[in-house]
Amino acid sequence: MEPLRGSDPVWIAGHRLLRRLGAGGMGVVYLARSPGGALAAVKVIRAAYADEVGFRARFRREVETAGRVASPWVVPLLDADPDAQSPWLATAFVPGPSLAEAVEECGPLPYESVRVLGARLAEALDAVHGAGLVHRDVKPGNVLLAVDGPRMIDFGIARTPEDTSLTASGMVVGSPGFLSPEQAQGRGREIGPASDVFSLGCLLAYAVTGERPFGWGSAAETLVRTVHDEPYLSTVPGSLLPLLRACLAKEPGSRPAVAEIRRALDGGGEGWLPEPVTRLIARRSAAALALPAVEATEVSGATTTVDTGPKAGQGSTRRRLLVLSSVAGVLAVGGAASWWSARGSGAPVRARPRLAVALHADLSGSGRTTGRAQENGVRLAVDRFNSRTGRGFDLALQVHDDRGTATGARQVAERLAADERVRAVLGPTTDACAKATLGIYQQARLAMVTVSVGLDDVSPTSYRVYAATRPGDSVLAAPVVAYLVRTAGARKTVLIDDAAEGEVSWRLCEGVDEAVRSGQSSTVRRTLAAGADSDGAFRSLAESVVDAGADAVVFGGGYARAARLARALRSAGYSGARLAAQRALDARFLGSAGEAAEGWVFATAFCDAARETAAKSFVTAYRARFGTAPPWYAAEAYDATLFVARAMTALGASRAERGAIAGQLRETDYQGITKRLRYDASTYRYTEAMYLFKATEGAFRCLGDYRDATA
């Protein structure tokens, strides 16, 4: 939940608005007090959409649809006015999380819980189908979990089987990953109750495994797999497998009816939800019961009411569906209405909740320079966030040192995973420590937001907690290629793969090779063996560069071997372009290479904050607090911290649980002082913000963003 904003109304047709529950392109959902004192979720459509041709009719149909379904497992409609200037509807408020949030935060549900879930949702769908409707959007986000059972919501695209107005033209309507094959192909006339059965099968598979049966990725990829591939069910419990296979049959006629599903799943164990989910519901319920007095929800500049009267020329068709008896099974408030109304304007202001994030870094090992820079950047970001007025919570920071070792990193990760106060982790500092801890954070559903790590061989679709805020090492081929082509005008480039760096070096050389080769440019591949350590090996390599007639060299190794190559190239008389990636960008390169370092160019995933106009205030604050200019990765850590804070703010303090934050990061778009942080919608990888540095007169000078530096 979030506080009301200045543009929000205070009243809607007798409903006193208390908080924002969520917002989207079409409108806003508020938590409100109904005229009778019960809590309600009020969905208000933006007036601009209400003026669109056909929209009001569709919204009226949604109201009528929701009113036709009567089931204890469907959230009841309380009131609505589809003819208001800003159409709205009110449903009973369920304080529990959605199934999607629960699985994200707490992991897959136990088998017995899934049996209860499936039986109750089958009963709900039986009521939907009994009313002559097809839900068409059965998915984890449309199922809320309450202490006494699940609740199905959102009838925005529900239709009768005969109504093909949405899908007859081949339009795909619904949520990929939980659509039936007939929905995925836009076969509107074939979409009937069996389509909901397929979606229910997808939902139950997700609930019991935490994975979608047709995988993750782009909508198009998921739809193709839904139509043509068999579902991935290898981790589904054996006793549930036959039923789910039947539900996920490609042909609608081969799927069981919802009544069969209910019979197959009814009579399960006594347990409904595991303890972590029960605690999650309790926290949500406590947040609802701890709502402030009416006066505390007043917002500066707020509109007093929303015009809920009919538009000119229309009769009022407001639905007075105050089915308050249904609310008792949804939220047992126990006198909350009188408690609320009795609170005076002098009630004490509640302290803001404190949500903890943790820095996991190398503060005393070989990577301590980078780790300490990130610590300083994170501390400044936390202070900056906590100084903002109107924030819904305070950030608390924990700092943990893994000493740059895999063993130390695992110890830190296990400690953080066990600490329920920690909502997200910033770090670790190095690739090795990130690889050692990723599985621990994944199991704990704890977002691992890395600043200086970019693991090419880790898939964010498989490890959903992995959120790198820099591009992977292989992507650094892009600035190298830009420099070779636009600045150096290279005709022949020697690519030297340093086997000591493993796949990282090979991927860089491979990426450059694929991009540079053309009719005007050519490449030569060389490999420096991992064990090659003699001066003769480097001398021979440098001479082969000269003999090849190359006018550019790209080296994929670290600073020590790059320095030895630099000296060998200088001795061999080579004077062409020399490039490497950020693993070689180290002050020790300058000291070891000496004069041979001059002119080397490096591709990096970090900038020089002092050169960034947007970072001016950060640089000033850093100098004032730490007595020096911000080192590399300090500003990036500052941005990463506020990126996490933005995701937490979007969720609201009561919903900012671990798994929810990991999911929200993928939807967050944050403009920082060094970069715009947002993920590719299909791969969830970050592929922007890359820079070039040049060794000049014994120092590294940032040339800027590679696109500007090579323009």
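Guide: This is a predicted model. Start with an open sheet of seven strands, in the order β16-β15-β17-β18-β19-β22-β23, with mixed pairing.

Visitor: What makes β16 and β23 the edge strands?

Guide: Each of them, β16 (522–528) and β23 (699–705), pairs on one side only. Neighbouring strands of this sheet are turned by 25° against each other on average, direction ignored.

Visitor: How do you know that β18 and β19 pair?

Guide: Pairing takes at least two bridges. Strand β18 (residues 577–581) and strand β19 (residues 601–604) have three, in the parallel sense. Therefore they count as paired. Ala580 stands opposite Phe602 in β19.

Visitor: Which strands does helix α17 lie across?

Guide: Helix α17 (residues 535–547) lies across β15 (492–498), β16 and β17 (552–555). Its direction is at about 175° to β16.

Visitor: Which way do the residues of β13 point, and are they buried or exposed?

Guide: In strand β13 (residues 447–450), Ala447 and Val449 point one way, Met448 and Thr450 the other way. All are buried.

Visitor: Why is the unit with β12, α14 and β13 called right-handed?

Guide: Look with the strands pointing away from you. A path that runs clockwise from the first strand over the helix to the second is right-handed. The unit made by β12, helix α14 (residues 431–443) and β13 is β-α-β and has that hand.

Visitor: What is Tyr466 in contact with, beyond its neighbours within four places in sequence?

Guide: Its partners include Leu438, Met448, Thr450, Val453 and Pro460. Leu455 is also one of them.

Visitor: Why does Arg151 count as buried?

Guide: Its relative accessibility is 2%, and the cut-off is under 20%. So Arg151 is buried. Its place is in strand β8 (residues 149–152). A polar atom of the Arg151 side chain lies 3.2 Å from the backbone oxygen of Pro72.

Visitor: How do you know that the length of α2 agrees with its residue count?

Guide: Helix α2 (residues 55–68) has 14 residues. At 1.5 Å a residue it should span 20 Å. Its end C-alpha atoms are 20 Å apart, so the two agree.

Visitor: Which residues of α2 are buried, and what covers them?

Guide: Phe55, Arg56, Phe59, Glu62, Val63, Thr65 and Ala66 are buried. Their cover includes β4 (39–45), α1 (47–50), β5 (77–81) and β6 (88–92).

Visitor: How many helices and strands are there in the protein chain?

Guide: There are 23 helices and 23 strands. Buried residues make up 56% of the 711 residues.

Note on methods: Residues numbered from 1 in each chain as written. Predicted model: local features only at pLDDT ≥ 70, side-chain atom pairs only at ≥ 80, totals over all residues. Heavy atoms only, no water. Buried < 20%, exposed > 50% of the residue type's maximum accessible area, 1.4 Å probe, protein only. Helix = DSSP H or I, 4+ residues; strand = E, 2+ residues; numbered from the N terminus. Expected span 1.5 Å × (residues − 1). Contact = heavy atoms within 4.5 Å. Polar contact = N/O pair within 3.5 Å; in protein donor to acceptor, adjacent residues only side chain to side chain. Axes fitted to C-alpha atoms, helices over the stretch in contact; angles between N-to-C directions.
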